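Biologist: Could you take a close look at the salt bridges in this model and walk me through them with some care?

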Amino acid sequence: MTRHLVDDVTVGWEELGTDLLDGAPPYIVEGLTGGDRWPSKTLDHLITPDGSRPARMAVTEKDAADQDLEWGYVLRPEGIEVISVPYADAGPVVGWDTSPLTCFSDPCYWLGAAQPPLAATAGPAPATPATTSTPSRTAARR
């Protein structure tokens with residue numbers, strides 16, 4: 001992950017694609033993308049005001065507040081720390097063994113360092129019981 005996200009990119013990312021899922025079990029790809037695949041796109045079309053080559057943006061604790069950032073990600077040996085920059089100085093560490101199918105939409109996970117860590121799950125997502133309600137046809141897909 002570190003090599004792909006940090007070491008192998010010259011300037012930065014325009015969009016992260018499903019190549020991050022290469023080698024993942026098919027149920028993970030299906031659960032996250034509906035089976036769709038697309039490549040990551042790098043920021044390789046930038047033009048600087050002075051004509052110099054674009055440089056990778058380095059964010060440090062000293063200058064993070066001065067940049068227009070909404071989220072920060074810190075890759076740690078035990079997992080990825082996800083920081084909601086406007087609301088917290090630190091965030092929960094999501095372990096590398098956490099299922100990527102885990103629901104992360106609850107904002108309480110991201111609004112402060114005092115929140116409990118997310119529970120890790122292994123293998124396919126557990127089956128949910130059938131319900132009698134019919135989902136909306138306009139419901140957004142993941």
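**The salt bridges, pair by pair**

Modeller: Lys41 is partly exposed, its relative accessible area being 42%, and in this predicted model its side chain forms a salt bridge with Glu15, with 3.8 Å between the closest N and O atoms. Because Lys41 lies in strand 2 (residues 41–42) and Glu15 in strand 1 (residues 13–15), this pair ties together parts that are 26 residues apart in sequence. Glu15, for its part, also counts as partly exposed, at 32% relative accessibility.

The structure holds three salt bridges, and another of them joins the side chains of Asp22 and Arg37, at 3.5 Å from N to O. This pair, too, links distant parts of the chain, 15 residues apart, with Asp22 in the loop between strand 1 and helix 2 and Arg37 in the loop between helix 2 and strand 2. Asp22 counts as exposed at 56% relative accessibility, whereas Arg37, at 47%, counts as partly exposed.

Helix 2 (residues 26–33) has Ile28, Val29 and Thr33 as its buried residues, and these lie on the same side of the helix because they cover an arc of only 95° around its axis. After helix 2 comes Gly34, which has a positive phi, near 70°.

There remains the salt bridge between Arg76 and Glu81, whose closest N and O atoms are 2.6 Å apart. Here Arg76 is partly exposed, with a relative accessible area of 32%, while Glu81 is buried, with a relative accessible area of 6%.

Notes:
Residues are numbered from 1 along each chain as its sequence is written. This is a predicted model: local features need pLDDT of at least 70, side-chain atom pairs count only at pLDDT 80 or more; totals for chains, interfaces and linings use all residues. Side-chain values use heavy atoms; hydrogens and water are left out. Buried means under 20% relative accessible area, exposed over 50%, partly exposed in between (1.4 Å probe, protein chains only). Helices (H or I, at least four residues) and strands (E, at least two) are DSSP runs, numbered from the N terminus. The arc is that of the directions from the helix axis to the C-beta atoms. A salt bridge is a side-chain nitrogen of Lys or Arg within 4 Å of a carboxyl oxygen of Asp or Glu.
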